[in-house]
Amino acid sequence: MLTPLPDAPARLARLEREAAHQSALSAGDGRPWVGARDGVRPVVIVGAGQAGLVLARGLRRRGIDDVVVLDAAPAGAAGPWTTYARMHTLRTPKDIAWPTWGTPAVSPRAWFEAVYGTAAWEQIEYFPTTAWQGFLQWYREVSAITVVPATHVTAITPTDGPLDLALEGPDGTWTLSAHHVVLATGIEGAGGRSIPSLLHDLPADRVRHTHDDIDFAALAGLRIGILGAGTGAFDNAATALEHGAALVDVHMRRAAMPQVSPYRWMEFAGLIENYGTFTDAQKWAFNVHLSAVDQPATQNALWRAHAFDTFRFLTSSPWQRVEWTGSDIAVTTPHGIHHYDVVLAATGIASDLARRPELARVAADAVLWSERLTPEAAAQNPGLAAFPYLDDDFGLVDRAGGEALSRIHMFNHGARISQGMLSHQIPGLVGGATKLAAALSRRLFARDSASLLAEYLAYDVPVGVQIGRRAQPAAAEAPTAVASRG
């Protein structure tokens, strides 16, 4: 287990001073050129996980002021790291490119080495989850990003001008207006949890999704069946067993665990920075293949679950029938009938904009990928075809050709097909956040171009040029000699 160095606070303080110095070196004049106007914020970011925080810092570095960052979670709990991310380490290798915005001292590695030391960095392969949460909290603080916590966006309403956000928080409800809204809302940001229909008739207290807030202590002594075999399935299995579950079975439809991870191939600058240049046909082929081959569960998650004698991993084991017997759950598979007290659905998410409260009012107007594909192509993967079709700025596209929806930017899993699976995730932020920050800057400049031009044409501040020879400094008076006495 990682232990911070005894002098970690002093090392962090030095790192923060170095970050401030680096920021000053690369900031230029640093003047903000766009901010709130008539109560309308230039950008509101919904979500204060890594994607939202990185973008907020990047916008400030580009001179975009008065950005508001909201998050539905309580203070300090943004992102999945304190909820359903039950793994011990991230799934991404530690050596990732990070968008530092000219300040390398605010990178994950710089923080980790300051807290735990360079030797600890050399020993790890993946960033520990608890350490990552600590890094993000420090990143928010050192970046001076104010987050409005425990605040839900209940609706986004386009108007003839700004986008109006209906908000609900501890102090009640209110409306916030913004020219652009960025939804940095993670893997569920374009829909919600997918629970197969064969589980719908089970008693509500007997079925959970792996993204749910699960009381694992209550599973002690129970038999658990898990449908799905991604990394999350094994992390949830291990967590249940660590809390005393009697047994846990993970069922996989495939005959064997995949051995190739396309994600490792994807983590290079060329793709991360240029995925958007693929044609629609190429993007579709890319994602259909990714879904078909999938990726293996991480080694650490597999080892963690297999450490228990009461754990089983069953392959070629699709759930054919699920019934509530009155006392337990009977699951029929090609291997026979299994009896469980509780089942967990490790079945991912489904794209459905209407399921998101903030998007419910505009969902019917947003173009989906199914509308840009032939029926034959869409039939290859109907789940992918339900993803939103985004413009090159991560914006929704209006079926009627309107402009307002393009100012709702899906910096979340909804960008999977249009902007790339990694665009909003840790290994791809260096491309996605950079691209979106540049797009927002360009769009705001275009909005304000007339007033900026007028400001330029009216600019008449003298720089203080003097004609003639440079004034010479007055000659220093020679020191008065002091006679020696002898």
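Reply: **Helix α14 and its setting**

The buried residues of α14 are covered by elements that include β1 (40-46), α2 (50-61), β8 (172-183), α8 (269-274) and β19 (408-409), where contact stands for heavy atoms within 4.5 Å. Helices (H or I, at least four residues) and strands (E, at least two) are DSSP runs, numbered from the N terminus. This is a predicted model, in which local features need pLDDT of at least 70 and side-chain atom pairs count only at pLDDT 80 or more, while totals for chains, interfaces and linings use all residues. Residues are numbered from 1 along each chain as its sequence is written, and side-chain values rest on heavy atoms, with hydrogens and water left out.

Helix α14 itself spans residues 429-447, and its 19 residues reach 26 Å from the first C-alpha to the last, close to the 27 Å expected at 1.5 Å a residue, the expected span being 1.5 Å times one less than the number of residues. Its buried residues are Leu-429, Gly-431, Gly-432, Ala-433, Leu-436, Ala-437, Ala-439, Leu-440, Ser-441, Arg-443 and Leu-444; buried is taken as under 20% relative accessible area, exposed as over 50%, and partly exposed as in between (1.4 Å probe, protein chains only).

The chain around this helix has 15 helices and 19 strands, and its C-alpha atoms fill a box of roughly 110 × 75 × 45 Å along the principal axes. Of its 486 residues, 47% are buried, and among contacts between residues at least 6 apart in sequence, 72% join residues at least 24 apart.

As for charged pairs, a search of the whole structure finds 20 salt bridges, each a side-chain nitrogen of Lys or Arg within 4 Å of a carboxyl oxygen of Asp or Glu. One of them joins Arg-399 to Glu-371, with the closest N and O atoms 2.4 Å apart. This pair links distant parts of the chain, 28 residues apart, since Arg-399 sits in the loop between α12 (382-385) and β19 while Glu-371 sits in the loop between β18 (349-351) and α11 (375-378). Arg-399 is partly exposed at 42% relative accessible area, and Glu-371 is likewise partly exposed, at 37%. Salt bridges that share partners also join Asp-393, Glu-403, Arg-407, Arg-442 and Arg-443 into one network, and Arg-443 is among the buried residues of α14 listed above.

Elsewhere, Arg-109 and Glu-122 form a salt bridge whose closest N and O atoms are 3.7 Å apart. Arg-109 lies in helix α3 and Glu-122 in helix α4 (residues 118-123), so the pair ties together parts that are 13 residues apart in sequence. Arg-109 is partly exposed at 37%, whereas Glu-122 counts as exposed at 55%. In the salt bridge between Glu-188 and Arg-193, the N to O distance is 2.8 Å; here Glu-188 is buried at 14% and Arg-193 is partly exposed at 29%.

Two backbone positions complete the account. Most residues other than glycine have a negative phi. Trp-101, in the loop between β3 (89-93) and α3 (108-116), has a positive phi of about 55° although it is not a glycine, and Trp-101 is buried at 14%. Asp-294, in the loop between α9 (280-293) and α10 (299-306), also has a positive phi of about 55°, but Asp-294 is partly exposed at 34%.
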